[in-house]
Amino acid sequence: MNDVAIQSESRASASDVLSSHWMLLPLAEVEALVARIYGLSGSVTRLSSERDETFKLVASTGDAYVLKIANPVEDPASLAFQDGALMHLEATAPDVPVPRLIPTLQGVRSHDLSLADGAVRKVRLLSYLDGDQLYRLPASIARNHNLGRVLGVLGRGLAGFQGRPPAGKLLWDISHTLDLADLVGHVGEERQPLVRGVLDAFAREIPPVAGSLPHQIIHNDFNPHNILVDAASPLEIAGIIDFGDMVFAPRVNDLAVALAYHLASDDWQDLAGAILRGYSTVTRLEADEVHVLPVLVKARVAMSIIISEWRAASRPDNRDYILRNHHAAWQGLQRLSGLSASDLARFVSSNCEG
């Protein structure tokens, strides 16, 4: 197994242990903590989260917030990087619908919570974005056009952010797709030829042009679980959440990630085309970006298959959860592979003319 796989396996194991054996803070203690640090009284309810203790706070004023108490092994540099991105967007792109960090009574954006065992946990309070998660809603071509536009606006807002992620590779970074080659053996034999073909195409097409592609900080996880839709205006995007997978990478990778989640249905070309057209109203892709985008989308879908099957084999007790998106990913890869490279290139080009 290569270095990134070993590193990622270690991260996965750490998060699994934390999810299973976390000593949860009592709600009354959390409410007292909020009052002490932020001067807010109210009630908290626990939200599901794999990495942090996360709560919804409804203050006595009626305002709602999200409180995050990081797990003790979370890298402080990673949290500072995420906070920096949110503050950059607040200052330079206030129209981008992302959470805002709420300052403490001391005027800082995070608080170190010291525990009796000596561990320190970062406490952060963010504005609450109301809306339905996109994955819960039926697909919509009109909404996908807005989705692409919002992704373009987010990318433009992050373009000037000078922060850099902590050292080390992220498993879900498309730029490092080839690092997963040693894990393809965990994929079912009937799926391996298609997956290996994607890695081969990536090796041929991406390295020669990678250095010329526009690079910046990208969200890197623009999936339907992280997109909120306005319940009153169901075609509008109300929020973008979860900045924990940000990387410095080609900006077109963000578009590839977004497209990868809209390929499983029969009308995938209409849905994906709408995202491309919406994105193009904000950002016009360069010729090299248009050329590599189909390869990058295939790579992201193949990554989903490789990583989920690898992890499911190592965690059979959590297999159903790990494989929750596997069927859609495999359908998407089959659909993309049913078109020739020239057909995919024409599809991308025609929808990016915008």
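Contact here means heavy atoms within 4.5 Å. The legends below describe close-up views of a predicted model.

**View 1. Packing of helix H8 against helix H12.** Trp 268, Gln 269, Ala 272, Gly 273, Leu 276, Arg 277 and Ser 280 of H8 meet Leu 344, Phe 347, Val 348 and Asn 351 of H12. The axes of the two helices are 8 Å apart, and the packing angle is about 45°. This angle makes H8 oblique to H12.

**View 2. Helix H11 and its buried side.** H11 comprises residues 326–337, 12 residues in total, and spans 16 Å from its first C-alpha to its last, close to the 16 Å expected at 1.5 Å a residue. The buried residues of H11 are His 326, Ala 329, Trp 330, Gly 332, Leu 333 and Leu 336. Because these residues cover an arc of only 160° around the axis, they lie on the same side of H11. The elements that cover them include helix H5 (192–205), helix H8 (268–280), helix H9 (287–314) and helix H12 (341–351).

View 3. Ala 264 belongs to the loop between helix H7 (252–260) and H8. With a relative accessibility of 25%, Ala 264 counts as partly exposed. Apart from residues up to four places away in sequence, Ala 264 touches Ala 328, Gln 331 and Arg 335. Between Ala 264 and Leu 336 the separation is 72 residues in sequence, while their C-alpha atoms are 9.9 Å apart in space. Leu 336 is itself one of the buried residues of H11.

**View 4. Crossing of helices H3 and H4.** The axes of H3 and helix H4 (residues 141–158) come within 9 Å and cross at roughly 100°. The two helices are therefore roughly perpendicular to each other. On the H3 side the contact is made by Ala 85, His 88, Leu 89 and Thr 92, and on the H4 side by Leu 154, Gly 157 and Leu 158.

View 5. Asp 83 is located in helix H3, which comprises residues 76–92. Its relative accessible area is 7%, so Asp 83 is buried, the cut-off for this class being under 20%. When neighbours within four places in sequence are left aside, Asp 83 is in contact with Leu 101, Ser 110 and Arg 124.

View 6. Arg 121 is part of strand E5 (residues 120–127). This residue counts as buried because its relative accessibility is 2%. A polar atom of the Arg 121 side chain lies 2.8 Å from the backbone oxygen of Ala 70. The backbone oxygen of Ile 69 lies 3.3 Å from a polar atom of the Arg 121 side chain.

View 7. Lys 68 is placed in strand E3 (residues 64–69). A relative accessible area of 23% makes Lys 68 partly exposed. Leaving aside neighbours within four places in sequence, Lys 68 is in contact with Asp 52, Glu 53 and Thr 54, as well as with Lys 122, Val 123, Arg 124 and Leu 126. Arg 124 is also among the residues in contact with Asp 83. Between Lys 68 and Asp 320 there are 252 residues of separation in sequence and 27 Å in space, C-alpha to C-alpha.

Key:
Residues are numbered from 1 along each chain as its sequence is written. This is a predicted model: local features need pLDDT of at least 70, side-chain atom pairs count only at pLDDT 80 or more; totals for chains, interfaces and linings use all residues. Side-chain values use heavy atoms; hydrogens and water are left out. Helices (H or I, at least four residues) and strands (E, at least two) are DSSP runs, numbered from the N terminus. The expected span of a helix is 1.5 Å times one less than its number of residues. Buried means under 20% relative accessible area, exposed over 50%, partly exposed in between (1.4 Å probe, protein chains only). The arc is that of the directions from the helix axis to the C-beta atoms. A polar contact is a pair of N or O atoms within 3.5 Å; within protein, one must be able to donate a hydrogen and the other to accept it, and residues adjacent in sequence count only if both atoms are side-chain atoms. Axes are lines fitted to C-alpha atoms, for helices over the stretch in contact, and angles run from 0 to 180 degrees between N-to-C directions. Angles under 35 degrees count as roughly parallel, over 145 as roughly antiparallel, 65 to 115 as roughly perpendicular and the rest as oblique.
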